[in-house]
Amino acid sequence: MRTIFLSRRWLVRLTMLAVLVILGGTVQFLGQNEQVASWVSAGLAGAPVFSSGEAANNAVSWLVEVEPDVDCGVLRKMLSVLADNNAKASFFISRDFAVNQPDLLLSIQTGGHQLGVLGGMTDGGAPQDLAAAKAEIADCVAALEEATGETPLLYLPEGGLISEDVKRAAADAGLIVVLGSVDSGDWAAENAEEIIATVLQQAEAGSFVTICPRDVTVAALNVILPEFAAKGLSSRTVAENLTKSS
């Protein structure tokens with residue numbers, strides 16, 4: 001997975017309007033969480049891309065990429081494993097899944113997990129252009145709002161690839177871009193052991209770990225989550241992990 005981080009040049013070019021859109025959308029979504037709202041007011045809009053949380057929280061965040069063709073049965077198994085281990089995750093939802101699976105969206109929400117937008121790529125594997133990204137984001141946000149009554153806060157670009165156009169589309173929609181700091185490799189793994197070895201070797205407090213709903217991933221989580229608990233590492237949503245515990 002390639003990861004392209006926010007450049008200083010882009011920060012300079014970011015308009016005040018986009019900053020205000022990000023800040024306004026975030027405060028509205030998190031209005032009932034005083035701690036996170038305080039964090040937003042402290043400067044979230046000035047740094048709209050995050051790839052890790054607060055190490056002091058002793059927690060990791062699972063970034064779950066939910067593509068349109070996901071196996072819903074496997075996704076339900078993943079939710080069950082997370083619940084059994086008192087673990088929370090952030091699920092990034094593709095547009096088509098958001099439209100077609102409202103009941104599963106509610107299951108994710110009622111499990112205490114966070115919902116965000118999963119950005120797509122062109123057929124050639126490149127990031128979308130501005131118009132395509134805006135259309136996809138708008139449709140996904142509308143479907144999430146209709147199914148759950150909540151407005152998403154976060155945007156995860158599929159494959160970690162993000163262009164200037166996609167950054168702008170996310171900013172105009174009031175979404176904060178997040179990137180994984182640890183690629184579990186589950187999208188290509190042939191067995192759970194590969195995933196277990198990668199995550200246990202690379203993940204640490206504050207890490208954002210990208211995963212997808214596959215049987216091998218579920219099997220890996222059955223091992224990784226108890227291992228993390230034994231080390232004093234919990235699993236929190238991205239919003240929770242970005243907020244330093246008091």
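**Helix H4 and its surroundings in a predicted model**

At the start of H4, the backbone nitrogen of Gly73 lies within 2.9 Å of a side-chain oxygen of Asp71. The model in which this contact occurs is predicted. Helix H4 covers residues 72-84. The 13 residues of H4 should span 18 Å at 1.5 Å a residue, and this agrees with the end C-alpha atoms, which are 18 Å apart.

Seven positions need to be named on the inward side of the account: Cys72, Val74, Leu75, Met78, Leu79, Val81 and Leu82 are the buried residues of H4. In an α-helix there are 3.6 residues a turn, so residues three or four places apart point the same way. The partners against which the buried residues of H4 pack include both strands and helices. The strands are S2, S3 and S8 (208-211), and the helices are H5 (95-100), H6 (102-110) and H10 (215-230).

H4 is followed by Asn86, which has a positive phi of about 55° although Asn86 is not a glycine. Asn86 belongs to the loop between helix H4 and strand S3 (90-93). With a relative accessibility of 64%, Asn86 counts as exposed. A positive phi is also found at Asn58, likewise not a glycine, with a value of about 50°. Asn58 sits in the loop that runs between strand S1 (49-50) and strand S2 (59-66). The relative accessible area of Asn58 is 41%, and the residue is partly exposed. Most residues other than glycine have a negative phi.

The protein chain as a whole contains 11 helices and 9 strands. Of its 246 residues, 48% are buried. When contacts between residues at least 6 apart in sequence are considered, 81% join residues at least 24 apart. The accessible surface of the chain is about 11,100 Å², and carbon and sulfur atoms account for 49% of this surface.

The mean pLDDT is 83, and 80% of the residues reach 70 or more. Over residues 1-40, however, the pLDDT is below 50, and this stretch has 70 contacts in the model beyond near neighbours in sequence. The pLDDT also stays under 50 over residues 43-47, where the model has 9 contacts beyond four places in sequence. Where pLDDT is low, the predicted coordinates should not be read in detail.

Conventions: Residues are numbered from 1 along each chain as its sequence is written. Side-chain values use heavy atoms; hydrogens and water are left out. Helices (H or I, at least four residues) and strands (E, at least two) are DSSP runs, numbered from the N terminus. Buried means under 20% relative accessible area, exposed over 50%, partly exposed in between (1.4 Å probe, protein chains only). Contact means heavy atoms within 4.5 Å. Accessible areas come from the Shrake-Rupley method with a 1.4 Å probe; for residues, only the protein chains shown count as cover. pLDDT is the predictor's confidence in each residue, from 0 to 100. The expected span of a helix is 1.5 Å times one less than its number of residues. A polar contact is a pair of N or O atoms within 3.5 Å; within protein, one must be able to donate a hydrogen and the other to accept it, and residues adjacent in sequence count only if both atoms are side-chain atoms.
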